[in-house]
Amino acid sequence: MKRILFVDDEPNILDGLRRALRPQRDRWQMAFASSGPQALEMLASESCDMIVSDMRMPGMDGAALLASVCERHPAVIRIILSGYTDLTAFMCAVPVAHQFFLKPCDPLLLREAIDHQTSVADRYGYPPVAELVGSLRALPVAPHAYQELRREVAESHPSLDHLVKVVTSDVGVSTRALQLAHSAFFGQRQDIADIRAAVARLGSDILRHLVLAADTLRSFEPATAIHGFDIDDFQRHSHLVGTIAERVGGAGLQAHVLYKAGLLHDVGKLVLADRAPDQFGQAQKIARAEGRPSHQVEEEMFGVSHAEIGAYLLGLWGLPPAIVEAVAHHHHPERASDDQRPAAAALYLADYLARLPEAPGITRGSEAPDAHIVALLGGPAMWSTWTELALNAARLGAQHA
Amino acid sequence: MGAGIAGMHYTGMAAMRLSADCRFDPMLVTVSVVLAIVISLVALSLAFRVREESGRRLWRQKAVSAVVMGVAIPIMHYTGMAAAHYTASDATVDLSHAVKASSLGVAAVTLVTLVVLALAIVTSVFDRRLTAQRSELRSAEERYRELFLRSPAGMIRVTEDGRILDCNLAMARMFGFDTREELMATPMAERYFDGGERDALIARLAEQPTTADLERRLRRKDGSPVWLLTTIRVVEGRNGEPRVFDGMMIDISDKKRYQIGLLHAQKLEAVGELAAGIAHEINTPIQFVSDNTRFLQESFAAVSQMIAASDEVRAQAEHGPVDPVVLDRAASVQLNADWAYLQSEVPKALDQMLDGLGRVAKIVRAMKEFSHVDQSTDMAAADINRAIENTLVVARNEYKYVAVAEAQLASDLPPVMCHIGDLNQVFLNLVINAAHAIEDVVAGTDQLGRIEVRTKRDGDWVEIDVSDTGTGIPEAVRNKVFDPFFTTKGVGRGSGQGLTLARAIVVEKHDGQISFDTEVGKGSTFRVRLPVRGRGPAAALAA
């Protein structure tokens, strides 16, 4: 039974939701609050899984309420359901809301979205992870990308090409851009083919807000260096995995989905670097010392690895399930459901191939590429093609950098 | 001149006292006189022609005429002398009437000669100056006429009864005519859209003989309007002639169009700012109407099942005892359908849906009336109370989170001649300002301020007060509130043009008044006063 709290200052809205969502009553326990303070009181006395709040309310508005919830009950999934289309108000809610729905919103769509969110939470929202991800407000961005973005959006006529280039170069910015571009705030929900489409949909105005005003992105400058984590290496690797995954492909897989999944496959590491830098560094240190893959150590420390953490974040932010699942299982494609496995396998392989040029001849611990997975993507015959592809991609990437 | 010379010569001859007998040859006398006249004529005509000339040529020609004149005298003299024949006689010279040319006499003759010479010079100088003045006068008149005719500003002289006495080409062109004559052939009354306007102008001129910078909307030949910036002066007729009006006009139609466009842009901007709030006000009811509709749709499916089950029971009951299985099924269908819940909720859902639809309709109607674009530039009678109500509906989202708004509208408020679309703008600005002032007080608290809008009649005026319980206006900025671009609001809350625009609309367009009363910490009241009959005649001209 999921407990969901709806908050709106308009009683008719709460009544309408109560009635429209009544068919869910055997799976959801619904609570209703007419103001922010009342919602916080109810949360304090009985925890819940999700809060769906209006934006404009007298006294405490939706953004302020969700900010308090983020602080006091970080594990609660936070959704805005608002009829207010003012951009500034929307930007205030971006750091603290996981998803946005615009009134009028078909109750069927809302039901579906809530179901999707709760199922993501069920699969990946292992409690400490839920708190970790839930307390995240701003995604870390590589300092030089951040500077460049600030410079570009400050231009009176930013060039789309350049913006796309900067956004693509950074995993944090890309993730945020994809989240917002997929959000219902910008109209009908639809699949965003690539980063360019996401940037074009948001427009330079929103990007300017994202970068300059709202607490949605921040330059990654940790007080003490995190052992084994370099933000620039991280960006380079993510980019390489995206490029390789897109080309490794596989039957029935969409290249652009693979590219995005590849680019975002390690976004969980950004969450860890931001929310738990010490433990994350510790895990890297142990992994290196013991010659084990880091995700194994993370699983021991956090219960899950950066893969699930990233998947949980992407799921909460409403990215398409194909990407979420591929990211979640990129170390263990065998755990993915049958229809999601090829994409996870492609990521797995791309991740493996991307490390070849970095450390030629050294395989990562116990992780020799699984014959089963290799078979899934075309068999050992493809091996030489793949390695060449990986080396080319790495060379190209290095040239670009 | 010739006769003078001849007369002088022969008189001089007659005055001589000689002991000789003097005879004249009549032929030569006649010739000498004719010569004197002819050469004088040539000399004088040369001299007069020379007067028109100037520069170096003048002196050469003058010299020529002087020579000619100089020649006339000796020629005449010697011809005359040739005509005289003396025969010696011993007749005693009669000296009884002779004078002796004493030295005194010589002096007197010299003096007189000099005086005559001086007089001649003075006369010639005066004559010269007079001629110069006359030609100057003529050329000045031509110059001013030229200035009048060719001036890019329109100039016109009109009689009180509306005949156009004179005008220039620019004036004719402004009114859409090709020539001055065409315009002058039409009466001035044809240039007005409303004849009363001209009467009002004449009445105004009776009090104030010069009126400058009037902005008037007049009528072109093809009936289209032209905006003219006009200065008019009354010229009182001399010697009992009727007085006339001299006008100078500049075409400001382009500027006017720009101004109107600016006003329109401001209005669009305000509507744009309201759009997010209005969307919210509409989206909220649509959300719960659609939630409830979905609920009713699913409820109806459940009720249909219930009725199908109960039909089955009834069908069986008509033919004997009902199968307990069927009865059980009917009971479970009813339980699944959640009938008790539907029974209590469906009527409420329907009520709320109707309420929601009513709210949407109300907002849409208020929106439509609020964004009314004044169809013509003429004023029309409008209900100010209704305008206030509409304003409060469309702006509701802008204040409802910080204040409650209350309208105390006088039931005896007369319709006011006005541009209601523009006044809506004024009321909106005042209400939004009130909301912002209150927001600064209540932000971060759960208190609500209060906005009161009152209307009342005061004789020929209608008064609209907008009061708030906001911050009040600090002493230091009180005299700046109507200044363009003056704002104390943060970025994104106002461009500082709201009150400037409000004043322009109330004072300049409606001949009304706008003022405020404020106390720091307690709030402000803005008061708009509008004449019920619209603008007075003076203002009618100004707009």
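Me: Where is A:Pro104 placed in this model?
Reply: A:Pro104 lies in the loop between strand E5 (99-102) and H5 of chain A. Keep in mind that this is a predicted model.

Me: What kind of peptide bond joins A:Lys103 and A:Pro104?
Reply: The bond joining A:Lys103 and A:Pro104 is cis, with omega at about -5°.

Me: OK, on to the contact between the chains. How many residues does it take from chain A and from chain B?
Reply: Chain A gives 30 residues and chain B gives 28 residues.

Me: And which residues in chain A lose the most area to chain B?
Reply: Those are A:Asn12, A:Arg19 and A:Arg56, and together they make up 28% of what that side buries.

Me: What area is buried between chain A and chain B?
Reply: About 2400 Å² is buried between the two chains, and carbon and sulfur atoms give 49% of that area.

Me: How many salt bridges are there between chain A and chain B?
Reply: The count is 6 salt bridges between chain A and chain B. One pairs A:Arg111 with B:Glu298, where the closest N and O atoms are 2.9 Å apart.

Me: How many residue pairs are in polar contact between chain A and chain B?
Reply: There are 15 residue pairs in polar contact between chain A and chain B, counting pairs with both residues at pLDDT 80 or more.

Me: Which elements give two or more residues to the side of chain A that touches chain B?
Reply: Helix H1 (11-20) and helix H5 (107-124) of chain A do. The largest share of that side comes from H1(A), with 8 residues.

Me: How do the residues on that side of chain A divide into nonpolar, polar and charged?
Reply: The side of chain A that touches chain B has 12 nonpolar, 5 polar and 13 charged residues.

Me: Changing topic to chain B. What is phi of B:Asp338?
Reply: B:Asp338 has a positive phi of about 65°, although it is not a glycine. B:Asp338 sits in the loop between helix H9 (324-336) and helix H10 (339-370) of chain B.

Me: Is B:Asp338 buried or exposed?
Reply: B:Asp338 has a relative accessible area of 17%, which is under 20%, so B:Asp338 counts as buried.

Me: Where is B:Asp511 found?
Reply: B:Asp511 is in the loop between helix H14 (498-510) and strand E13 (513-519) of chain B. Phi of B:Asp511 is near 60°, a positive value in a residue other than glycine.

Me: What is the relative accessible area of B:Asp511?
Reply: The value for B:Asp511 is 34%, so B:Asp511 is partly exposed.

Conventions
Residues numbered from 1 in each chain as written. Chains lettered and ligands numbered in written order. Predicted model: local features only at pLDDT ≥ 70, side-chain atom pairs only at ≥ 80, totals over all residues. Heavy atoms only, no water. Contact = heavy atoms within 4.5 Å. Buried area = accessible area lost by both parts, 1.4 Å probe. Salt bridge = Lys/Arg side-chain N within 4 Å of Asp/Glu carboxyl O. Polar contact = N/O pair within 3.5 Å; in protein donor to acceptor, adjacent residues only side chain to side chain. Helix = DSSP H or I, 4+ residues; strand = E, 2+ residues; numbered from the N terminus. Nonpolar A, V, L, I, M, F, W, Y, C, P; charged D, E, K, R; others polar. Buried < 20%, exposed > 50% of the residue type's maximum accessible area, 1.4 Å probe, protein only.
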